[in-house]
Amino acid sequence: MVLARLPQAPSALVAPPSAPVDPAAALALARSQIDYAGSQDDPRFLGYAQATLAPLLQSSPSSEASLLMARIEQQRHQFARARHRLIRLLEQSPNQGQAWLMLANIDRVQGRLDEAQQACRKAATTLPPTTVLLCQASVQAISGQRDQAYNTLQALASSPAAPQGESARWLATLSAEIAMQQGNLDRASQHLQHALQQAPQAPYLRYLQSDLWLALGQPDAVISDLAAWQDRDGALLRLAIAGKRLGHPQAKTWRQDYRARMAMDQNTGRQRHLREHARFMLEVENDPQTALTLARENWQQQRELADLRLLHAAASAAGDQSALAKLQTFLDRYNVADAQLSQPVRGAAQ
């Protein structure tokens, strides 16, 4: 019986490095495996990368090995482990700009916004000014300086110093996210199209595009775009939401398949996708109380705008005034401005 069909992957990324391990070759392989895991939304390759790095992490690991292991932990949402590893690395080598950048991102994701800004500033000692500016803008957007951050990004995009490559994609993606935060979905679409032109198969961008279509009331576009990706959890979630809204013939199948993914996570002890599971319970299963329980658990480790929106939506649907009051405390502390909280948009919990 065929239980699942896994996508083909380059054989060179699956084979372990030959013994004796050449550190440079092992680092290059691990880096490629981590990149592939992110580009294909395939967590198996994080396991391969961890195995590749294992011999290099046993005693006195190099800065590069520690950074790569922190990337693995970050992608697995093991933020406490990644943060601890980065802090130890920076205590020994404080001029590791990439480590400061990763630390800033983790602190931002977990809602330590003051610490995130500080880490962005410390990254300035070794990273290009444009990278530091992008880092700072990502924090400013959710700490009371949303419009200022957006204007800074647009000025950078039109300047002679406009970033290229990965940084250009980061700028376009961040611009799209802030435009959604401002409630300007048409402008968000323009920025997102620019980002997708640079990386049309990037899972994060494809999912963000689907969330934007859901917000615009275009679930049919989601199904057309993600139908071939239903082996991926993030795509299957959005297909289940879009299918339910449309009354699509496959809606029941997508719903059942995602339920099975949730059960597998619970039964096998795999890292749970709490934000996604909470969103499924709220938008597909119409179970706001369970959604709120999951969203609260997720809030303990992730405090991005998407987590805030989801917790707010679940608490509102469940009529939990205590949860809403706690969220308001967070909003007031950081002066968070978000159009989707003041004027909820359907499908906003991206």
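Predicted model: local features only at pLDDT ≥ 70, side-chain atom pairs only at ≥ 80, totals over all residues.
Taken along the principal axes, the box filled by the C-alpha atoms has dimensions of roughly 55 × 55 × 40 Å. Of the 350 residues, 49% count as buried. When contacts between residues at least 6 apart in sequence are considered, 57% of them join residues that are at least 24 apart.

Two packed helices are described by the angle between their axes and the distance between the axes. For helix α5, which spans residues 97-109, and helix α6, which spans residues 113-123, the packing angle is about 165 degrees and the axes lie 8 Å apart. Because an angle over 145 degrees counts as roughly antiparallel, α5 and α6 are therefore roughly antiparallel to each other. The crossing of this pair, α5 with α6, is left-handed. On the α5 side, the contact involves Gly 97, Trp 100, Leu 101, Leu 103, Ala 104, Asp 107 and Arg 108, which meet Leu 113, Glu 115, Ala 116, Ala 119, Cys 120, Lys 122 and Ala 123 of α6. By residue class, the contact of α5 with α6 comprises nine nonpolar residues, one polar residue and four charged residues.

A further helix pair is formed by α11, residues 203-215, and α12, residues 219-226, whose axes come within 7 Å and cross at roughly 160 degrees. The two helices α11 and α12 are therefore roughly antiparallel to each other, and their crossing is left-handed. Helix α11 contributes Arg 206, Ser 210, Trp 213 and Leu 214 to the contact, while α12 contributes Pro 219, Ala 221, Val 222, Asp 225 and Leu 226. The residues of the contact of α11 with α12 divide into six that are nonpolar, one that is polar and two that are charged.

Within helix α5, attention may also be given to Ile 106, which is buried, with a relative accessible area of 0%. Apart from neighbours within four places in sequence, Ile 106 is in contact with Gln 74, Phe 79, Ala 82, Arg 83, Leu 86 and Arg 112. The C-alpha atom of Ile 106 is separated by 9.9 Å from that of Gln 78, a residue 28 positions away along the chain.

Backbone geometry was also examined in two loops. Most residues other than glycine have a negative phi. Asp 41, although it is not a glycine, has a positive phi of about 55 degrees; this residue lies in the loop between α1 (23-40) and α2 (44-53). With a relative accessible area of 31%, Asp 41 is partly exposed. Ser 60 is likewise not a glycine and has a positive phi of about 45 degrees, and its place is in the loop between α2 and α3 (63-75). Ser 60 is exposed, its relative accessible area being 73%.

Definitions and conventions:
Residues numbered from 1 in each chain as written. Heavy atoms only, no water. Axes fitted to C-alpha atoms, helices over the stretch in contact; angles between N-to-C directions. Helix = DSSP H or I, 4+ residues; strand = E, 2+ residues; numbered from the N terminus. Parallel < 35°, antiparallel > 145°, perpendicular 65-115°, else oblique. Left-handed = near helix turned anticlockwise from the far one by under 90°. Contact = heavy atoms within 4.5 Å. Nonpolar A, V, L, I, M, F, W, Y, C, P; charged D, E, K, R; others polar. Buried < 20%, exposed > 50% of the residue type's maximum accessible area, 1.4 Å probe, protein only.
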